[in-house]
Amino acid sequence: MTTDPPPEPTEGPAWGRARRAFRRWRRTRPFWAALWTGLGGFVIFFLPMAPLGKILQVGVGGIAGMAGGVVLMAMALLVLLLSGQRHTAGVIAVIAGVASFPLSNLGGLFIGMFLSVLGGSMAFAWLPEKPARRRGRLSRTAPAAEGSGTA
């Protein structure tokens with residue numbers, strides 16, 4: 001019998017590799033903005049389907065609420081899958097979230113409106129990480145040295 005610790009595996013379990021790959025993918029796009037926007041759209045979409053006693057406005061407002069929720073969930077997918085279109089999708093998400101206030105049960109009882117405005121704002125403000133600069137490489141536009149002129 002040996003007292004040596006068991007050798008460490010060279011590769012982690014499959015779920016560990018999948019989690020790391022998902023983390024790398026998630027960091028290259030506005031993931032949290034899409035999550036909040038989609039959750040806000042979900043609340044606005046499904047609130048008109050609540051029982052009649054819990055709905056504040058019935059009728060055409062319910063259809064407008066469901067349409068607004070679908071638009072918000074589509075913007076969440078657009079932000080997540082096409083991060084280059086995040087500005088347009090973010091602005092549309094904020095507009096649809098604010099428009100849900102009068103159109104759909106006070107914007108999903110304020111929860112859906114708040115989440116969609118938060119997510120749209122985050123999508124608009126998100127910037128991709130800049131790649132790390134290499135060391136030792138000279139820039140093409142070097143600043144002019146001061147005092148290099150002749151007297």
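1. Among contacts between residues at least 6 apart in sequence, what percentage join residues at least 24 apart? In this predicted model, the figure for the chain is 71%.

2. On overall make-up, the chain has six helices and zero strands, and the order along the sequence reads α-α-α-α-α-α. There are 151 residues, of which 30% count as buried.

3. On confidence, the average pLDDT of the chain is 79, and 69% of the residues score at least 70. Among the elements, α6 has the highest mean pLDDT, 93, while α5 (residues 105–109) has the lowest, 74. Where pLDDT is low, the predicted coordinates should not be read in detail.

4. Helix α6 runs over residues 111–125, 15 residues in all. From first C-alpha to last it reaches 21 Å, close to the 21 Å expected at 1.5 Å a residue. Its buried residues are Gly112, Met113, Leu115, Ser116, Gly119, Gly120 and Ala123. Viewed down the axis of α6, the buried residues fall within an arc of 165°, so they line one face of the helix. Phe114 and Ala125 are exposed and sit on the face of α6 turned away from that buried side.

5. A polar atom of the serine 116 side chain lies 3.0 Å from the backbone oxygen of methionine 113. Leaving out residues up to four places away in sequence, serine 116 touches Trp36, Thr37, Gly40, Ile44, Leu72, Ala93 and Gly97.

6. Which residues make up the largest nonpolar core? There are 12 of them: Phe31, Ala33, Ala34, Ile44, Leu72, Met75, Val79, Leu80, Ala89, Ala93, Ala96 and Ala123. Helices α2 (31–46), α3 (60–81) and α4 (86–103) each supply at least two residues of this core. Ile44, Leu72 and Ala93 belong to the core and are also among the residues that serine 116 touches. Methionine 75, another core member, is in contact with Ala89, Ile92 and Ala93 once its neighbours within four places in sequence are set aside.

7. Helix α4 has 18 residues and reaches 25 Å from its first C-alpha to its last, close to the 26 Å expected at 1.5 Å a residue. Buried in α4 are Arg86, Ala89, Gly90, Ala93, Ala96, Gly97 and Ser100. These residues cover an arc of only 130° around the axis, which puts them on the same side of α4. Ile95 and Pro102 are exposed on the other side of α4. After α4 comes asparagine 105, with a positive phi near 50°.

8. The loop between α3 and α4 holds both serine 83 and glycine 84. Beyond residues up to four places away in sequence, serine 83 touches Thr28, Arg29, Pro30, Leu78 and Trp126. Glycine 84 and proline 128 are 44 residues apart along the chain, and their C-alpha atoms are separated by 9.7 Å.

9. Helix α5 contains glycine 107 and leucine 109. Glycine 107 is buried, with a relative accessible area of 0%, while leucine 109 counts as partly exposed at 41% relative accessibility. Apart from residues up to four places away in sequence, glycine 107 touches Ile44, Ser100, Phe101, Gly112 and Met113. Of these, Ser100 is one of the buried residues of α4, and Gly112 and Met113 are among the buried residues of α6. As noted above, α5 is the element with the lowest mean pLDDT.

Key
Residues numbered from 1 in each chain as written. Predicted model: local features only at pLDDT ≥ 70, side-chain atom pairs only at ≥ 80, totals over all residues. Heavy atoms only, no water. Helix = DSSP H or I, 4+ residues; strand = E, 2+ residues; numbered from the N terminus. Expected span 1.5 Å × (residues − 1). Buried < 20%, exposed > 50% of the residue type's maximum accessible area, 1.4 Å probe, protein only. Arc of directions from axis to C-beta. Polar contact = N/O pair within 3.5 Å; in protein donor to acceptor, adjacent residues only side chain to side chain. Contact = heavy atoms within 4.5 Å. Core = buried A, V, L, I, M, F, W, Y, C linked by side-chain atoms within 4.5 Å. pLDDT = per-residue confidence, 0-100.
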